[in-house]
Structures are given as structure tokens and as C-alpha cells.
Amino acid sequence: MTGAIRSPATFDTMPSVYIKTYGCQMNERDSEAVSAQLLARGYSLAASENQADVVLLNTCSVRDMAEQKALSKMQNVIGVDRKRGGRQILGFLGCMAQSRGGELIDQLPDVDLVLGTQKTHRTGEYLDALLSGSRDKVVDTAEETGSESAIREHLGHGIGNDSRPVTAFVSIMQGCNQHCTFCIVPSTRGEERSRPMDDIVAECRELAARGVREITLLGQIVTSYGRRMYPVQDGRSAFVQLIEAVHAIEGIDRIRFTSPHPKGYGDDLVEAYGRLPKLVESAHLPVQSGSNRLLKLMHRGYTRERFLEIIAKLRAVRPDIGLSTDIIVGFPGETEEDFLETLSLCQEIQFDQAFLFKYSRRRDTPAAAMPDQLAEEVIEDRHQRLLAEINRMAMAKFEAHVGGLVEVLVEGPSHRNPARYEGRTRTNKIAVFEGSPRHHGQILNLRIERVGSFTLYGNPAILGLD
Ligand code: SAH
Ligand code: F3S
């Protein structure tokens, strides 16, 4: 570090912070909570990294590309900052901070702060110490009991009617004990730890009181929620009990969750889809592969047949359910036959959406040491072939809505064209229409007229005439 130690006098007003987030919704949620906590301490949020006194990158480690992106972003920020005298405080949060720790400062000595995944709620106190000069560098990647309950604060409520969020993400647990052989998450996020149900329900009630109508329950493996804290009751797992508790909150009209594990779709959860109308007909079931041989090597804990059975049961309860999945191509030892089994599984199920990933070798995971790591060209070729199929499938699902009605929760002005309004259907598709501020936060029916790139376009339906 070549920059001078900063004294509080360096800043006339409270410092401004810019947070850039990589990766999953858990990271988005953590960044939101950190921002809210920093605002509460008097910090302001900067519109860009160039205008900020503090730049934090909340990182992802799931694939190597995500790590490389964050590293090159930080190099970039350092380059610009150095030209201006090296005044910024720079930090890494999230999964790469957890897995690489102090190495990151060895590699990039201008970095001041490296905070692991159980420490994000301590960002404010560490920034105060760095800004006042009482600490020069901070690396903290230790475990912390109770950290799973620290992600509670939300941003943006009560700012004004037009920007008031109507959907919110609520973190219910941290970590994962499944240890899929390709996945780094169990080591970056740690052992499964669940928040108390009362605490989660209280947070959802507060959100409902502020106008939130849709809650997404968040965690790395939400279907394992609370299994060591709350015994099964009348055949209902802790996770289903939690959904029921949130379902009982007045003002909450829609409930989603992510990410579940297919093995968590027991009959109690399937039955909940039939019984609880606020639980929207939308489910994410990460399948990863259609080959039993690979599913076993991946340590997924289900077979192709069991997966198909779960889908059939869900469709029996909610025939119009929207289904999404995650798939990995190029897992070590994947043969053309294995790949074709994944392709045929997709064709058989016809997912509404599939997130397709090229296998990325992650440090200290069992799959990284497996023989037959595939050549990049083979992975690329399979990726292209499956992507074409998935896009066809998804487009067909979108086109099937043309001429029909969909129920939309209006979230606000459209991201692509702020003159229009947008919301999400119960099956999690974006729908855009000519709206006005009075539509904000409403649940309405749209008559779908056309389909754009993974977007539905329509007009509010006048019931009775429609
Ligand atoms: N349940 C978790 C899964 C995290 S990883 C969650 O969503 O929070 C998300 C997806 O990334 C996985 O479902 C898997 O399809 C993909 N993924 C995980 N590790 C990977 C790796 N080493 N290479 C490629 N894709 C991977
Ligand atoms: Fe990763 Fe498997 Fe858990 S994909 S997050 S180890 S369920």
C-alpha cells in the first residue's frame, strides 16, 4: 500500500460507498443489507465507482469466470484511483473473499478490506476503522455464530409511492451441507445455519406493512431450512411450516423461494403447492444432468427417474406450473451419451427456463481431482447444442401466452423502457404494458399481444369485456 493513511478529516461529509455485486440472489440480498446498514451509519451511496470514497466488490466463486471478472474490475478501479492519488478504500466481500482471504491483498496490495461471507454485517465498523486510520488493512474470514440472522435490513422503503418496492428477498438460511462434488458453495458459505422462524415471519410482516406484496425466501438450499430446529409436524417439514407461516401474513399475496434442492420436493411440499394459493405456480429445480451415472458422480442424491416423478407430481397439482432449472455441461467424464441424456430430459420436461453452465473446475472440490476433465472445445460444442434447444423451449413457452391472460404484480417502470410499466407473472416471466404510477404495486390481468426477447407485451384486461 503506497497511499497515505487517511484521517477522518480527509472527508468533509460522511463517505460515499459504491457496491458492485456479482453472482446469485443471495449476494444481491447481502449487498442490499450492507447498503442499508451503511446508510443507517450515515454513509451515502455513490452513483458510480469513480465518485465513491469506498468501493466494495461483492464477489462470486461458483465459476472461475466470475472470479476473473471481479479481479479485473478491481485492477481497473485501482488503476483509476492511483492516478488520482490512491484515496479510495477498496474491499472484497462475498465468496471469493471467503475462499481467497489475505491472498487477495498479496495479489492486489492496494486492497484494504477482505470480508468473508459470515462478516458482511461488520462492513460498517471495519470501514470506520479504515477511514479513521486506526486500521491499515482488515482481513476477516472467520466463522461467526448467529451471522445467518444478520441479513435483515432492506433498502428503499417509504421513499415515495412510485419507487416503493413491492417485492422483497428474505434470507432464511445460510450455507449448504449437500457437498455436490462440483460446487464450491459449501466451503464459501459454510455449514447450513437457519434463522429462527419467528424472526423471518417478523421481517416479512414488517415488509408487508411497508407495501411489499411478494416475498422470495432465499438460501443456498432452502428446502433444508430448519431441519434440525423444527421437527416434522403432521408430515410437514420445517420448510413447509415456514411457507405456511408466511402464507398467513395479511398483505403478502405471493410467495416464491430459491434455491431449493430437488430432493427437498417431498410430498409435503408438492401438496403445499395445491393447498396454498399464495405459493405461486413456479418452481426452480436444478437438475444439473440427465444421466444417472453423472448424477451419482455429482453427489446429487436423486436419479433421473425420481426427478421426472417430482415434475409429474408438481404438474398433477398445478398443471400450469412454470419450471426452471440449472444444468452443467462438461462435468468430468461426461460422454456424448451422458450429454444426450441431459438433452432428452430437457425435451421430455420442456422447462420454461434453463440456466446452462459450462463446468468450471473449482479449487478443493472432489470433481476437480476427477479424471477425464473435458477439453474446452467439447464443452463449448455441447453448450451450443443444448443452448439452442433451451432457447427453443423457452420461446415456445412464451409464445403460448399470446392471446391469453396472465396475472401480473406490477413492480414499476420497465427497465428497458421507463415510459412503460413492468411486472412478473406468477410463473416468473417479465410482462410489459402501457401503465401509469397508479398501477404500481397492483396485481392485474394482462391480455398478452406479443412476445419480445423473453418478455411478454400486453394490455390491462377489462374484466367482463375480456
Ligand atoms: N443452490 C445454490 C447453487 C449455487 S450454484 C444456489 O443457487 O444458491 C448455482 C448453479 O451454478 C448450480 O445449480 C450449478 O448448475 C452451477 N454450478 C455450480 N458449481 C459449478 C461449477 N463448478 N461449474 C459450473 N457450474 C456450476
Ligand atoms: Fe452447491 Fe449442491 Fe449445495 S450445487 S449450493 S452443494 S446443493
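In strand S13 of this predicted model, Ser324 is the bridge partner of His284. Strand S12 (residues 282-284) is joined to S13 by 3 bridges, and the two run parallel; strands are DSSP runs (E, at least two residues) and helices likewise (H or I, at least four), numbered from the N terminus, and two strands pair if DSSP finds at least two bridges between them. Residues are numbered from 1 along each chain as its sequence is written, and chains are lettered from A and ligands numbered from 1 in the order in which they are written. The model being predicted, local features need pLDDT of at least 70 and side-chain atom pairs count only at pLDDT 80 or more, while totals for chains, interfaces and linings use all residues; side-chain values use heavy atoms, with hydrogens and water left out.

S13 also pairs with strand S14 (residues 353-358), in the parallel sense and over 6 bridges. Here Ser324 stands opposite Gln353. In a regular strand the side chains alternate between the two faces of the sheet. Both faces of S13 are covered, with Gly322, Ser324, Asp326 and Ile328 buried on one side and Leu323, Thr325, Ile327 and Val329 buried on the other. Since 8 of the 8 residues of S13 (residues 322-329) are buried, the strand is largely enclosed by the rest of the structure; buried means under 20% relative accessible area, exposed over 50%, and partly exposed in between (1.4 Å probe, protein chains only).

By contrast, Ala316, in helix H11 (residues 304-317), is exposed, with a relative accessible area of 63%. Between the C-alpha atoms of Ala316 and Leu104 the distance is 50 Å, and the two are 212 residues apart in sequence.

The largest nonpolar core has 59 residues, and Ile172, Leu217, Phe257 and Leu314 have the most contacts inside it. Such a core is a set of buried Ala, Val, Leu, Ile, Met, Phe, Trp, Tyr and Cys residues joined through side-chain atoms within 4.5 Å. Apart from this core lies another, of 22 residues, including Tyr18, Met74, Leu90 and Ala97.

The second largest pocket is lined by 17 residues, of which Glu281, Asp320, His401, Thr427 and Lys429 lie nearest its centre. A pocket is an open set of points on a 1 Å grid over the protein atoms alone, where a 1.4 Å probe fits, with protein on both sides within 12 Å along at least five of seven lines; lining residues have an atom within 4 Å of a point. Strand S15 (residues 405-413) contributes the largest share of this lining, 3 residues.
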